[in-house]
Each structure stands twice: as C-alpha cells, then as structure tokens.
Amino acid sequence: MVAQDRWKLTSRQTEVLDLVARGLTNVLIGEMLCITRRTVEFHVATLFDKVGVSNRASLLVRIFDSVRL
C-alpha cells in the first residue's frame, strides 16, 4: 500500500486506516479487530501525527491524494 510505505505505517495502523476509510466508527473498528475503543483512538491519533492532519476527513484526503500521485 502506498500510504503504508510513504508514512511508514505498521500493519495494524494500515488495518485501522482501511476501516476508517470505509467509514467505520472507533467502536466498530475495535470490535472488528478485537481491540478496545481506546486502542483504536490511539492508532487513529498516531495516524493523524504521521500523516500531519488533525481529523478523519483530512486524513482521508491526504491518503487518497498520495495514491493519485
């Protein structure tokens, strides 16, 4: 995945990113990955930091723009 290489995402961060891109809530992501909502929040916050954004919409725009480059 382009985003995984570009921002050096872990496999778990990549899984979380995929589910965020599908529009799932933190609770649903946690249930699907068998992790707590707080752990999902941690992964999402780490994604924001790595990608340099402050919200999900900006995260997805930045990720999708990187794929088009």
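Tutor: Start with a definition: the expected span of a helix is 1.5 Å times one less than its number of residues. Keep in mind that this is a predicted model. Now take helix α5, residues 56–68. Its 13 residues should span 18 Å, and its end C-alpha atoms are 19 Å apart, which agrees.

Next, look at which residues are hidden. Buried means under 20% relative accessible area. In α5, the buried residues are L59, L60, I63 and S66. They sit on the same side of α5, because they cover an arc of only 130° around the axis. An α-helix has 3.6 residues a turn, so residues three or four places apart point the same way.

The face turned away from the buried side carries the exposed residues A57 and R68.

What lies over the buried residues? The cover includes α1 (2–6), α2 (11–21) and α4.

Follow α4, residues 37–51, to one of its own contacts. Helix α4 packs with α3, residues 26–33, at an angle of about 105°. Their axes are 8 Å apart. Angles of 65 to 115 degrees count as roughly perpendicular, and α3 and α4 are therefore roughly perpendicular to each other. From α3, the contact uses N26, V27, I29 and G30. From α4, it uses R37, V40, E41 and V44. By class, this contact has four nonpolar, two polar and two charged residues.

Methods
Residues are numbered from 1 along each chain as its sequence is written. This is a predicted model: local features need pLDDT of at least 70, side-chain atom pairs count only at pLDDT 80 or more; totals for chains, interfaces and linings use all residues. Side-chain values use heavy atoms; hydrogens and water are left out. Axes are lines fitted to C-alpha atoms, for helices over the stretch in contact, and angles run from 0 to 180 degrees between N-to-C directions. Helices (H or I, at least four residues) and strands (E, at least two) are DSSP runs, numbered from the N terminus. Angles under 35 degrees count as roughly parallel, over 145 as roughly antiparallel, 65 to 115 as roughly perpendicular and the rest as oblique. Contact means heavy atoms within 4.5 Å. Ala, Val, Leu, Ile, Met, Phe, Trp, Tyr, Cys and Pro count as nonpolar, Asp, Glu, Lys and Arg as charged, and the others, Gly among them, as polar. Buried means under 20% relative accessible area, exposed over 50%, partly exposed in between (1.4 Å probe, protein chains only). The arc is that of the directions from the helix axis to the C-beta atoms.
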